[in-house]
Amino acid sequence: MENKIKEVVEIIKKSKRTTAFTGAGISVESGIPPFRGDGGLWNKYDPIVLDLNYFYNNPKESWSVIKEIFYDFFGTAKFNRAHEVLAEMEKQNYLSAVITQNIDNLHQEAGSEVVHEFHGNSKTLVCTSCGKKYTVKDEIFKKLPPKCKECGHLLKPDFIFFGEGIPQIAYQKSIEAAQNSDVFIVIGSTGEVVPASQMPFIAKQNGAKIIEINPNESKYTSQITDIFLQGKAGEVLDEVMSRLDKIS
Ligand code: NAD
């Protein structure tokens, strides 16, 4: 492992443009479970509440589950060492951008500035009729489902539900980053969620070296990963950062 970390540090140092691509796994050490696998959210909750049609037809029921998962539970999570290291790497010009599938806002809270949110963000609600956006505060949930103060229509979390398209700007910027990076660090993603899962493949096709950090193998590992750092994101990235610090 030590040699692999050294090799990765050399690659990052020489890179002209490194991008990180993060999945639910990077937030596991913050106490947010992934969707799938052991302890995954879909073992406990029915994902139907995030189906767009179901949400519109059953807003009260959907909102009570959504509030429990994404606001009472996720809402209190704090960023961890992995988020911190990516923010630090950006400050030291080792990292150009983060593409994240996560909706928890923890990259921004840790200090990352260039973050392309592929699936949106849970910290904002959006009116399903007039499009007005609201920053989440407790009082917004006093009565469920929450309604727009301007037009009275239903509010929805500003992340994408099953059946919704990817936010256009985040999508374009993610593709551009994948096409133009020479190093792509894939952290904590199974690679099961399309089209986000295509980003590492696009990067590979455009000549990027793929570095993967995950305690378990993913769809990427045997297909496109060049260097697999098997372990928890916080621990592995902490080692990478301490070696980068020694060099700079
Ligand atoms: P996933 O739930 O399908 O898989 C999680 C991956 O993380 C697995 O490969 C697992 O081995 C790995 N992992 C577990 N612990 C880890 C650790 N400590 N360090 C590094 N990796 C670890 O995740 P996915 O591929 O991101 O796809 C799920 C979808 O669910 C995404 O679209 C995402 O938007 C959403 N999601 C987001 C959050 C969040 O915002 N934090 C949480 C759950 C799900």
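Predicted model: local features only at pLDDT ≥ 70, side-chain atom pairs only at ≥ 80, totals over all residues.
**Exercise 1. Describe the interface of domain 1 and domain 2: which residues bury area, and how many salt bridges cross it?**

Step 1: Count the contacts. 7 residues of domain 1 touch 5 residues of domain 2.

Step 2: Look at the area. About 510 Å² is buried between the two domains, and carbon and sulfur atoms give 71% of it. On the domain 1 side, Ile 32, Ile 103 and His 119 supply 68% of the area buried against domain 2, more than any other three residues.

Step 3: Check the charges. The rule finds 1 salt bridge across the interface. Lys 123 and Glu 109 form a salt bridge through their side chains, with 3.7 Å from N to O. That pair counts because the cut-off is 4 Å.

Step 4: By class, the domain 1 side that touches domain 2 has 2 nonpolar, 3 polar and 2 charged residues.

**Exercise 2. Work out what surrounds the ligand and how much of the ligand the protein buries.**

Step 1: List the neighbours. The ligand has 27 residues around it, and the closest are Ala 24, Phe 35, Gln 101, Asp 104 and Asn 214.

Step 2: Pick out backbone atoms. A polar backbone atom of Ala 24 sits 2.7 Å from a ligand oxygen, and a backbone N or O atom of Phe 35 is 3.1 Å from a ligand oxygen.

Step 3: In His 119, a side-chain N or O atom lies 3.0 Å from an oxygen atom of the ligand.

Step 4: Finish with the area. On its own the ligand exposes 850 Å², and the protein buries 93% of that.

Methods: Residues numbered from 1 in each chain as written. Heavy atoms only, no water. Contact = heavy atoms within 4.5 Å. Buried area = accessible area lost by both parts, 1.4 Å probe. Nonpolar A, V, L, I, M, F, W, Y, C, P; charged D, E, K, R; others polar. Near = heavy atom within 4 Å. Polar contact = N/O pair within 3.5 Å; in protein donor to acceptor, adjacent residues only side chain to side chain. Areas by Shrake-Rupley, 256 points an atom, 1.4 Å probe, with all protein chains shown as cover.
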